[in-house]
Amino acid sequence: MRQRVGWVSGLLAVALVACPVGALAKSEPIDRDDFRADMRQLWEDHIGWTRLFIVEAVGGLPGKDATAERLLKNQDDIGNAIKPFYGEEAGAKLTALLRDHILIAADLVGAAKAGDSAKQDDATKRWFANADEIAGFLSGANSKHWPADATKTMMHDHLKLTTEVVVAQLKGDWAASIAASDKVHEQILHMADALTDGIQAQHPQHFKG
């Protein structure tokens, strides 16, 4: 779960002025393949730290709070990654939505572990509502390449597959947990690539290669 977001830091160094949505300050063109790899790394970090948190939370391990903090930082990283293309406000909004995504997931895991079905149902509803907000935000920023229905399905798939990991961990079915995590990994790469393709298609002038 290493950090590989050099293009982000390079761009932000010259483009962190609050640019309007769709604007990008002057900078060197970004290599398309590097951009795709870095976006994949951000989302692989997302699911990697999420899985570790699930394992630690279900197991009552002492490292879960530190893992949660690192997981929340990843949401900052993802929000920062879109700022050069969509502006400071949009990046901050995505970060806020993704942090809610993580905090609600923590509520869900805690309720499921405690066997509190009412709290679990409430957290599940809030989690999917948040996913719809994220999908709406993305579609609003780039409706041509991130259509609302497809983006919503993509987000729901992420939640459903992550839930499979939680259920398997709670049952102590380690093989099923690993198998579900493999599915999460495959799906998140499709998601990262969809986001990459959308940004590159909407802002072709900022890419090379």
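Predicted model: local features only at pLDDT ≥ 70, side-chain atom pairs only at ≥ 80, totals over all residues.
**View 1. Phenylalanine 35 and phenylalanine 207 are both buried, where buried means under 20% relative accessible area with a 1.4 Å probe and protein chains only.** Residues are numbered from 1 along each chain as its sequence is written, and side-chain values use heavy atoms, with hydrogens and water left out. Ring centres 4.9 Å apart and planes at 75° make the pair of phenylalanine 35 and phenylalanine 207 edge-to-face; rings of Phe, Tyr and Trp (its six-membered ring) pair if their centres lie within 6.5 Å, with planes over 60 degrees apart counted as edge-to-face, under 30 as stacked and the rest as tilted.

**View 2. Phenylalanine 85 joins phenylalanine 207 in a stacked aromatic pair.** The separation is 5.8 Å centre to centre, with 5° between the planes. Because phenylalanine 85 lies in helix 3 and phenylalanine 207 in strand 2, the pair ties together parts that are 122 residues apart in sequence; helices (H or I, at least four residues) and strands (E, at least two) are DSSP runs, numbered from the N terminus. Phe35, Phe85 and Phe207 form one aromatic cluster.

**View 3. The lining of the largest cavity draws on several helices, including helix 2 (32-59) and helix 5 (117-141), each with at least two residues.** Helix 7 gives the largest share, 3 residues.

Terms used. Buried < 20%, exposed > 50% of the residue type's maximum accessible area, 1.4 Å probe, protein only.
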